[in-house]
Amino acid sequence: DDDDDDVRTSDLRLPEEEEEDDDDDDEDLEEPPPVPRLADRVDLAAAACCVVGRAYEAMENRGRSVEWLRRALRVDPRCAEALTFLVERKLLSAADETRLGVQVAADLAQNCDDEQWRADLYQARLSVHDCGAEAAAAMLGKEGEKSNAATSSGRQGSSSSSVSSTFEALERVHGLGENLEVLCAKAERAYNRHDARQAYALTKRAYASDPYELENCVPTYLASMVELGLAHDLFSCAHELVRAYPKESAAWFAVGCYYLLVGKNDAAQRYFHKSAKLNPRFAPAWIGFGNAFAAQDESEQAMAAYRSASRLFQGSHLPLTFIGMEYLRTNNLPLAKHFLQGAKALCPSDPMVSNELGVVDLRRGDYEKARDTFLDVLRLFDHLPDKAPLKLACEASIFNLAQTYRKLRDFHNAAKYFHLALSLKPGDAAAHAALASCLHVLGGPNVHKAIEAYHVALAIRPSDTFASEMLSRALKDVLDVDEPNPFYDRLPSLLDSLPQTTTTSPDDDDDDDDDETHHRENV
């Protein structure tokens, strides 16, 4: 036993020389890296919440997905992955995005130092719909609501001026003007405000700096080219994408956009279907698929594609808008109004949704409500900057407002707005014929102007039977312009007795111009 104790004890002893060598080795070792601060570490709880939210979205339980992703941002406001997933998958409505941006910015200011750039970036990405309190108040058109909205804007910070100042701060203060996320957010905001020209310029810069960004940049880039009719640029871009990414859905989506733009709808359907097949969760492919069917008057297939897009993009108002437009085209007015009201609840600041709701009221014969709706549309357009690129979009609402005034037999206001519509779109035969009918009803010296307008309408569209018939009557009446003519008293009722048709295109020769109503033609 004593021997064993001696052995064990001798094994634990170290010579003095070895102890000195160990001290020398310790001196040669580098100091360990400093422990990272709490603000620099990855919050595992937030990461876990983000993973759970993504899993719920994959299971198509988007309500629980939004709940867990919000929880991830509450645990750690620097969890950019959760915010990116919410934005890219369009899981939030415009108002919810604005509220979340304000909340996350407040959390960053409270818990993290020197994070103002991140707060501004978050607010920029969550304000692309520009659903401000001022625009919502303009839509309602009530002074009391406007004051309430102005009060709430102080709490929410979601006005157009604050969003613009946020982008300006990112560019001038933080030096992020060429950052890809900033460019994409700015472009999407411009596209949602119907400024396709600015959206195209911004996305072109983003695409040139990083052509691998296929989820955010490319869909807006392609959509803006379709809006502007840039067929040559779209053709070149589609070839580049297909050659570089033959297995990516965005590449074949570009091919479908080109064929849709040039009017080859069968080929567009084929390539949109291929894009959706490669990535069934790529919602722009389903929207393009539906537009290709709608262009061929295949409403059932179009609405099926739009419903798929609505299921994927629950926070986006575009699929619901297109479904409502299809129901409106098939004259199913109750369902059209239902879906358009749902789209308006998601994004109240989009004037084109209100325009379609006004068309529904006009077709239902509720002319006073339609008039108020179209006036609200013009108020919404007033809050959008740089109106020059928005002329065609604004012209449809002005034409519809003039038609509504004509139905209300307010021919002076009707003629005024028809003149304004023609100043924006001089080659519209329907507007010329409708203006002529209003001037004809007013009588007196206006009959000469009506004859001139009828001639212009027939020069643009010679097969216009309405303009031809009314021109013959105006030529008979011009001889009696200085004397009372009972025909002027009967003309309004005569116009109302004509067949009522509402078309989406002024170039349809089979429809009368008397009740022609313009819709949005958007891709």
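This is a predicted model: local features need pLDDT of at least 70, side-chain atom pairs count only at pLDDT 80 or more; totals for chains, interfaces and linings use all residues.
Elsewhere, salt bridges with shared partners join Glu57, Arg62, Arg89 and Arg281 into one network.

In total, the structure holds 21 salt bridges. Side chains of opposite charge can pair when their charged atoms come close. One of these pairs consists of Glu60 and Arg311, for which the closest N and O atoms are 3.8 Å apart. Here too distant parts of the chain are linked: Glu60 is found in the loop between helix H3 (44–58) and helix H4 (62–75), whereas Arg311 is in helix H18 (residues 299–312), 251 residues apart. Glu60 has a relative accessible area of 42% and is partly exposed; Arg311, with a relative accessibility of 38%, is also classed as partly exposed.

A further salt bridge, between Glu67 and Arg64, has an N to O distance of 3.6 Å. Both residues lie within helix H4, where they are three residues apart, or about one turn of the helix. An α-helix has 3.6 residues a turn, so residues three or four places apart point the same way. Glu67 is partly exposed at a relative accessible area of 35%, and Arg64 is partly exposed at 34%.

Helix H13 (residues 217–228) comprises twelve residues, which at 1.5 Å a residue should span 16 Å; the distance between its end C-alpha atoms is 17 Å, in agreement with that expectation. The helix is mostly covered, ten of its twelve residues being buried. The buried positions in H13 are Cys217, Val218, Pro219, Thr220, Tyr221, Leu222, Ala223, Ser224, Met225 and Val226. These buried residues pack against several other helices, namely H11, H12 (196–209), H14 (231–244), H15 (249–261) and H17 (283–295). Just after H13, Gly229 adopts a positive phi of about 70°.

Definitions and conventions: Residues are numbered from 1 along each chain as its sequence is written. Side-chain values use heavy atoms; hydrogens and water are left out. A salt bridge is a side-chain nitrogen of Lys or Arg within 4 Å of a carboxyl oxygen of Asp or Glu. Helices (H or I, at least four residues) and strands (E, at least two) are DSSP runs, numbered from the N terminus. Buried means under 20% relative accessible area, exposed over 50%, partly exposed in between (1.4 Å probe, protein chains only). The expected span of a helix is 1.5 Å times one less than its number of residues. Contact means heavy atoms within 4.5 Å.
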